[in-house]
Amino acid sequence: MTSQISTNGASTNGAAPQIENVVIIGSGPSGFTAGLYAARANLNPILITGNDYGGQVSITYEVENYPGFPESVTGPELVEKMKTQAEKFGCRVEFDYVTNIATDKHPFVISTQNGKEYVAKSVILCTGARPRYLEIPGEKEYTGKGVSYCATCDGFFFRGKDVVVVGGGDSAVEEGLFLTKYATRVRIIHRRDELRASKILQERAFKNEKVEFVWNTVLTEVLGDADGKVIGAKVQNTVTGEESEIETDGVFIFVGHLPNNELLKDKFELDEDGHLIADRFMRTNVPGIMAAGEIMDKVFKQVATSVGQGCSAAMQTNKFLEELEEAGYPGVDQDPREFRKAEIANKEAIGTW
Ligand SMILES: Cc1cc2nc3c(=O)[nH]c(=O)nc-3n(C[C@H](O)[C@H](O)[C@H](O)COP(=O)(O)OP(=O)(O)OC[C@H]3O[C@@H](n4cnc5c(N)ncnc54)[C@H](O)[C@@H]3O)c2cc1C
């Protein structure tokens with residue numbers, strides 16, 4: 001990937017701000033991958049980490065499913081390797097948090113908690129997401145030691161074991177079914193007496209001999225042993241108020257996936273759950289602003305998929321900047337945010353949105 005883009009408008013006396021080619025927001029796997037590809041395309045990117053340096057993977061004890069690490073790798077180690085690799089090619093990493101993106105003019109203006117302002121021709125949004133927590137005693141303590149938010153990531157560790165799944169929506173039932181590949185028994189604990197999950201998933205779960213349902217019940221505490229491993233949970237019946245304890249080896253929690261979209265509301269197209277809508281070229285509805293990772297992907301939610309999307313977003317950004325340069329920027333007689341306006345208006349017809 002090559003680019004002839006130079007950093008125009010660079011300030012020497014502090015009067016005029018330097019215009020960056022691209023600002024990447026977020027330091028999870030998608031952000032660092034976008035940083036790596038943008039740096040190797042000579043875009044001299046800046047990556048702003050946010051308050052959760054390394055993103056969700058940095059709270060993951062062991063990553064066994066990221067290609068290239070047959071012996072597995074810890075989340076923090078993987079993050080450090082990604083950062084080092086991006087920096088090696090010139091990605092600048094700033095420990096700061098973005099508080100606003102002005103999209104009503106071009107170049108975009110990105111403001112941060114530390115009082116800085118970046119002026120940029122393009123932006124890659126990699127602000128990710130977080131699982132909704134139950135916020136009960138033991139949950140945080142045993143995360144990675146029996147408490148999980150990802151069956152694809154951790155199901156393998158529960159071969160021949162008993163697990164419970166908390167939730168009643170599509171994710172809970174789908175992930176519960178996935179866990180039956182490994183676990184001997186999967187109890188789905190739901191606060192109500194019927195599921196919110198789609199009928200087809202419900203039918204599959206009802207038919208599966210390994211799946212049991214525990215209705216009208218909430219988890220109130222995760223219990224562990226002296227070795228720091230989950231051994232059970234305290235539960236409460238939501239109808240009778242009765243409390244009891246159950247034994248289990250694992251607690252999988254699927255009560256929601258919350259996109260980090262605080263910056264995006266009222267500026268970007270979001271879906272009903274608040275995830276950014278991006279097309280298959282990782283373009284948002286604001287020309288010049290791309291997205292990658294869990295902020296726009298609520299389906300696959302993996303390190304490998306986020307990395308792939310970060311790569312695509314950086315490549316698409318390079319293309320946008322090349323088009324901008326071809327159009328004679330700066331001094332372009334057309335606002336670059338006008339690019340693709342007709343296409344966006346016609347997005348249903350093109351069917352790729
Ligand atoms: C407990 C757990 C275990 C997991 N285990 C695995 C596993 O084993 N294998 C696997 O493939 N996947 C695993 N995952 C999923 C994987 O971690 C995610 O798919 C991946 O981290 C998503 O990457 P991302 O770059 O989209 O965003 P995230 O990792 O969510 O990172 C988002 C980044 O955006 C930053 N940010 C947010 N708002 C702002 C702002 N306003 N300004 C600046 N920065 C901002 C945050 O600080 C953070 O750095 C796990 C997830 C969890 C929660």
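Q: What makes helix α4 and helix α5 a crossing pair in this predicted model?
A: Look at the two axes: those of α4 (residues 170-179) and α5 (residues 199-207) come within 10 Å and cross at roughly 35 degrees. The crossing of α4 past α5 is left-handed.

Q: How do you know which residues of α4 and α5 are in contact?
A: Residues count as in contact if their C-beta atoms, placed from the backbone, lie within 7 Å. On the α4 side we find D170, V173, E174, G176 and L177, and they meet L201, Q202, R204 and A205 of α5. Sorted by class, this contact has four nonpolar, two polar and three charged residues.

Q: What makes β9 and β10 a strand pair?
A: Pairing needs at least two bridges, and β9 (residues 162-166) and β10 (residues 185-189) have five bridges, in the parallel sense. In one of these, D162 has R185 in β10 as its partner.

Q: Why is the ligand said to lie between domain 1 and domain 2?
A: Both domain 1 (19-130 + 257-350) and domain 2 (147-253) give residues to the shell around the ligand, so the ligand lies between them.

Q: Which of the 40 residues around the ligand come nearest?
A: They are G28, G50, G55, G128 and G293. The elements giving two or more residues to the shell are α1, β7 and α6.

How values were computed:
Residues numbered from 1 in each chain as written. Predicted model: local features only at pLDDT ≥ 70, side-chain atom pairs only at ≥ 80, totals over all residues. Axes fitted to C-alpha atoms, helices over the stretch in contact; angles between N-to-C directions. Helix = DSSP H or I, 4+ residues; strand = E, 2+ residues; numbered from the N terminus. Left-handed = near helix turned anticlockwise from the far one by under 90°. Contact = placed C-beta atoms within 7 Å. Nonpolar A, V, L, I, M, F, W, Y, C, P; charged D, E, K, R; others polar. Near = placed C-beta within 6 Å. Domains from an automatic or database assignment.
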